[in-house]
Amino acid sequence: MPSFKKYRVGSKFMLADIDPGESPFLEGDEAAQRAQLDRLAEELDELQNLLHAVGQRKLLLVLQGMDTSGKDGTIRWVFSRTSPLGVRVTAFKAPNENELAHDYLWRCHAAVPRNGEIMVWNRSHYEDVLVPWVEGWIDKAEVQRRYAQIQDFERLLVETGTVVVKCMLHISKKEQRERLQARIDEPDKRWKFQIDDLKAREKWDAYQRAYEQALRSTSSSHAPWHVIPADSKRHRNLMIAQLLVRTLRDMKLAVPPADPALEGLVVK
């Protein structure tokens, strides 16, 4: 298995050091890659069953990335074999009136995973720093305050039994252009397209700088960031599937001991 070390964000991380087009986790031909993803998805289902059976730990997968980076596709393929009873997905959009009346972490804390559950966040609390910072709604001091608060929030989750996996889906500007154009050109994809996607694209460089700062400021030993080269959709899916399987394996989950009263019991 390729190493994740290069893609784990450290204090000297530079986003430009990761090529969105590289694909070290792709091995063999397309058929072999699809078969591998199926095997990983099946193992993920088995591991999720154990997580549920133990009922003491939980896993939070945070997916961040520019528009069209593939957050929906990741969820669709990586969890294709997993029981919907053990996985929940929350998509964080622009906050509504009720959410704006609370602190920015309120809606996130309301959506953390329960014991035995995998929770996937399609966008997250990081949107409440990235967007306001790029749009000029908050200053540098507020950015640093929010990143400190986010680190405290994630530490709380970890110390109460949640394993946090954070993935930034890294695509190139060229790949994003092609995906946006496909949404416009293909009638069955037009529902995905929003004019605001183009407004964010105009600020591509600013968002890349903001992401780099966010990743470097909030990648910690208890909740590290991984940058996922995502120009290849299949590579993106395989890399995240392998990361999740490895994370769940490392939790050393085991089937709970059975009730001794069941020994020799015969159902009539």
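Visitor: Buried means under 20% relative accessible area, exposed over 50% and partly exposed in between, with a 1.4 Å probe and protein chains only. On that basis, which residues of strand 3 point which way?

Guide: Ile118, Val120 and Asn122 point one way and Met119 and Trp121 the other, and all are buried. Helices (H or I, at least four residues) and strands (E, at least two) are DSSP runs, numbered from the N terminus. This is a predicted model, so local features need pLDDT of at least 70 and side-chain atom pairs count only at pLDDT 80 or more, while totals for chains, interfaces and linings use all residues. Residues are numbered from 1 along each chain as its sequence is written, and side-chain values use heavy atoms, leaving out hydrogens and water.

Visitor: Which strands pair with strand 3?

Guide: Two strands count as paired if DSSP finds at least two bridges between them. Strand 1 (residues 58–65) runs parallel to strand 3, joined by 5 bridges, and Leu60 stands opposite Met119. Strand 2 also pairs with strand 3 in the parallel sense, over 5 bridges; there Val89 stands opposite Val120.

Visitor: And strand 5, what covers its story: are its faces buried or exposed?

Guide: Both faces are covered, with Trp225, Val227 and Pro229 buried on one side and His226 and Ile228 buried on the other. Strand 5 spans residues 225–229. Strand 4 (residues 162–170) runs parallel to strand 5, with 5 bridges between them. Ile228 is the bridge partner of Leu169.

Visitor: Moving on to the core. How many residues are in the largest one?

Guide: The largest nonpolar core has 71 residues. A nonpolar core here is a set of buried Ala, Val, Leu, Ile, Met, Phe, Trp, Tyr and Cys residues joined through side-chain atoms within 4.5 Å. Those with the most contacts inside this core are Leu61, Phe79, Trp121, Cys167, Leu244 and Leu248. Its largest share, 8 residues, comes from helix 10 (residues 233–250).

Visitor: What does Phe79 touch?

Guide: Leaving aside residues up to four places away in sequence, Phe79 touches Leu44, Leu61, Thr74, Val87, Ile118, Val120 and Leu244. Contact means heavy atoms within 4.5 Å.

Visitor: Cys167 was on that core list. How many disulfides are there?

Guide: A search of the whole structure finds 0, a disulfide being a pair of cysteine sulfur atoms within 2.5 Å.

Visitor: How many aromatic pairs?

Guide: The count is 4. Rings of Phe, Tyr and Trp (its six-membered ring) pair if their centres lie within 6.5 Å; planes under 30 degrees apart count as stacked, over 60 as edge-to-face and the rest as tilted. Phe92 and Trp121 form an edge-to-face pair, at 5.2 Å centre to centre and 85° between the planes. Phe92 sits in the loop between strand 2 (87–91) and helix 3 (97–100), and Trp121 in strand 3 (residues 118–122), 29 residues apart. Phe92 is buried at 6% relative accessible area, and Trp121 is buried at 0%.

Visitor: Which residues form an aromatic cluster?

Guide: Phe4, Tyr7 and Phe25 form one.

Visitor: Last one: what lies over the face of Tyr104?

Guide: Arg146 does, at 4.8 Å from the ring centre. A charge sits over a ring if NZ of Lys or CZ of Arg is within 6 Å of the ring centre and within 35 degrees of the ring normal.
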